Amino acid sequence: GVNAAGGIGGRRISLVTLDDGGDASRAAENTRRLIETEGVVAMFGGVEGGPCVASLKEASDRGVPLIACMAGSPEMREPFNRYSFPVRAPHLEEFAKLLDVSKTYGYRRIAFLHADSDTGRKHLANVQRLAAARQLEVAPIVAKSGGTPESLAAAIIAARPDAVFNHGSYAIYSGAIREARSKGLRTQFMAVNSGAAQMAKQLGDEAKGLIFTQVVPFPWSVAIPLVKEYQQALARHAPPGTQPSFSGLEGYASAKVLVAGLRSAGGKGLTRDTLQRAMETLGSVDLGGMTVKYSPGAHPGSNFVDTVIVASDGRFAR
């Protein structure tokens, strides 16, 4: 849409893409190539914590802004990095939302499944802190390398939780849920947004009743201006039959943030430095249903978190 209208300051946006396959080392290599060979003014997008953190290191070492990498990892915000401009809310906000849901339903003992990594342990510390403030008890479940769905399910069952939620591989979590269900566990399973659609598809009928956090508004709520605009863009530019999705809406919202930064920097004479300064002086940007914030000393992005539930037909419902 922006390019069709003449670009920004008379310059069209050119998007150069490389696939990292979810691998952090490939993400780092791709980032170096895009910066050093392709000469990009910014890195945009990217998915998952490992690749995003790896890309951020390479980009910031070279003075290039990384905008809207789709990861909730704490490293995207802590320690503060002047080149990191996350859009989606951090996992911390998702954990808080799931704990609030747990307390609302009267759940007291919450199992938290996390990766056996420094990031996973940071997440555990955050969950324990958030739970303590809500007078909830946390039972840590560690997804160790080489672990099986059977071993994770056994650990979850042994913890006797009222509810369970996760951080880490959705495929591992899906396997643990299926195995625990097969052994008769009827506790409430919840999950962060990462891999929500894939989890629901993998689990089939067993996905019914799962509660997920989402970091963008409901993509079918056309009463929300951002969603209406997104659906209109799909109708105009996407292949026929393309359906709305949470990830698609997140990509659209992220693109709006990038365009806001480019407009603020001005089309002519755009450099990595001018874009970095423009991004962090955007202040508060209303995208039409979610807000992002950036300032010279803080780049929090959005704190929007909502919850959805998997209905009996496998679709998400509010």
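Is Tyr 107 buried or exposed? Tyr 107 is buried, because its relative accessible area is 19%, where buried stands for under 20% relative accessible area, exposed for over 50% and partly exposed for what lies in between, computed with a 1.4 Å probe on protein chains only. The model is a predicted one, in which local features need pLDDT of at least 70 and side-chain atom pairs count only at pLDDT 80 or more, while totals for chains, interfaces and linings use all residues. Residues are numbered from 1 along each chain as its sequence is written, and side-chain values use heavy atoms, with hydrogens and water left out.

The aromatic residues come next. Twelve aromatic pairs are found in the structure, a pair being two rings of Phe, Tyr or Trp (its six-membered ring) with centres within 6.5 Å, called stacked if the planes are under 30 degrees apart, edge-to-face if over 60 and tilted for the rest. One of them joins Tyr 105 and Tyr 107, whose ring centres are 5.8 Å apart and whose planes stand at 55°, so this pair is tilted.

Elsewhere, ring pairs connect Phe 212, Phe 218, Trp 220, Phe 246 and Phe 316 into a cluster.

A search of the whole structure for disulfides (cysteine sulfur atoms within 2.5 Å) finds one. It joins Cys 52 to Cys 69, with an S to S distance of 2.3 Å, and because the torsion about the S-S bond is about -90°, the disulfide is left-handed. Cys 52 belongs to helix H2 (residues 49–61) and Cys 69 to the loop between strand E2 (66–67) and strand E3 (84–85), 17 residues apart. Both Cys 52 and Cys 69 are buried.

Gly 22, finally, is placed in the segment before helix H1 (24–36), and with a relative accessible area of 38% Gly 22 is partly exposed. Leaving aside residues up to four places away in sequence, Gly 22 touches Glu 48 and Pro 51, contact meaning heavy atoms within 4.5 Å.

Terms used:
Helices (H or I, at least four residues) and strands (E, at least two) are DSSP runs, numbered from the N terminus.
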